[in-house]
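This report covers one protein model, from its overall make-up to selected residue contacts. The sequence and coordinates come first.

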Amino acid sequence: MKTVISTQNAPAAIGPYSQGIQAGSLIITSGQLPIDPATGAFPATIEEQTRQSLTNCKAVLEAAGAAMENVIKTTVFLSDMNNFAAMNEIAKAAGLVLGVSGADLSELHDTVAELEKAGNKNLILDVTASTIKETFANA
């Protein structure tokens with residue numbers, strides 16, 4: 001059985017999806033853009049965007065009773081691979097080891113276009129985390 005995960009501490013889903021789903025001990029979060037849920041603000045720098053996306057992921061995980069320490073997979077989309085080192089430093093400080101490939105901007109075209117219209121030309125950062133609560137301790 002699957003359970004929808006929802007929290008006020010991360011941005012509300014803006015499409016026909018949820019912030020996360022839990023199926024047994026597996027938790028999968030939807031992509032978390034770096035939007036501050038309290039203000040709707042989108043940070044300017046890659047460092048701030050990385051921190052906010054990770055904060056949003058953390059909030060969804062916590063709503064399901066998990067933590068960042070339970071993360072076993074992440075996916076990050078960067079619109080500019082020149083931002084990888086700065087993003088990766090923040091992720092490493094948060095205890096995550098990331099493998100990242102360049103984003104297929106055709107898939108992100110609508111979001112990129114919206115942000116550029118709003119004056120945001122830096123990047124898109126979207127983090128998805130999959131976790132297993134209690135990891136494999138009972139396996």
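## Basis of the values

This is a predicted model, in which local features need pLDDT of at least 70, side-chain atom pairs count only at pLDDT 80 or more, and totals for chains, interfaces and linings use all residues. Residues are numbered from 1 along each chain as its sequence is written, and side-chain values use heavy atoms, with hydrogens and water left out.

## Overall make-up

The protein chain has three helices and five strands, in the order β-β-β-α-β-α-α-β from the N terminus. Helices (H or I, at least four residues) and strands (E, at least two) are DSSP runs, numbered from the N terminus.

Of the 139 residues in the protein chain, 40% count as buried. Buried means under 20% relative accessible area, exposed means over 50%, and partly exposed lies in between (1.4 Å probe, protein chains only).

Among contacts in the protein chain with a separation of 6 or more, 63% join residues 24 or more positions apart. A contact here means heavy atoms within 4.5 Å.

## Helix H2

Helix H2 spans residues 84–93, and its buried residues are Met87, Asn88, Ile90 and Ala91. Viewed down the axis of H2, these buried residues fall within an arc of 160°, so they line one face of the helix. The arc is that of the directions from the helix axis to the C-beta atoms. Ala85 and Ala93, on the other side of H2, are exposed.

The buried residues of H2 pack against helix H1 (46–63) and strand S4 (71–77). Just after H2, Gly95 takes a positive phi of about 90°.

## Nonpolar core

The largest nonpolar core has 18 residues, of which Ile27, Leu61, Met68, Met87 and Leu96 touch the most other members. H1, S4 and H2 are the elements that give two or more residues to this core, and H1 gives the most, with five residues. A nonpolar core is a set of buried Ala, Val, Leu, Ile, Met, Phe, Trp, Tyr and Cys residues joined through side-chain atoms within 4.5 Å.

Leaving aside neighbours within four places in sequence, Leu96 is in contact with Leu54, Met68, Val71, Thr74 and Ala91.

## Salt bridges

The count comes to two salt bridges, each defined as a side-chain nitrogen of Lys or Arg within 4 Å of a carboxyl oxygen of Asp or Glu. In one, the closest N and O atoms of Lys58 and Glu62 are 3.9 Å apart. Lys58 and Glu62 are four residues apart in helix H1, so about one helical turn separates them. Lys58 is partly exposed at 39% relative accessibility, and Glu62 is partly exposed at 46%.

Lys92 and Glu89 form a salt bridge with an N to O distance of 3.2 Å. These two residues are three apart in helix H2, again about one helical turn. Lys92 is partly exposed at 47% relative accessibility, and Glu89 is partly exposed at 47%.

## Gly20 in strand S2

Gly20 lies in strand S2 (residues 20–23) and is buried, with a relative accessible area of 1%. Its C-alpha atom is separated by 6.1 Å from that of Val4, 16 residues away along the chain. Apart from neighbours within four places in sequence, Gly20 is in contact with Thr3, Val4, Ile5, Ile28, Thr29, Ser30 and Val60.
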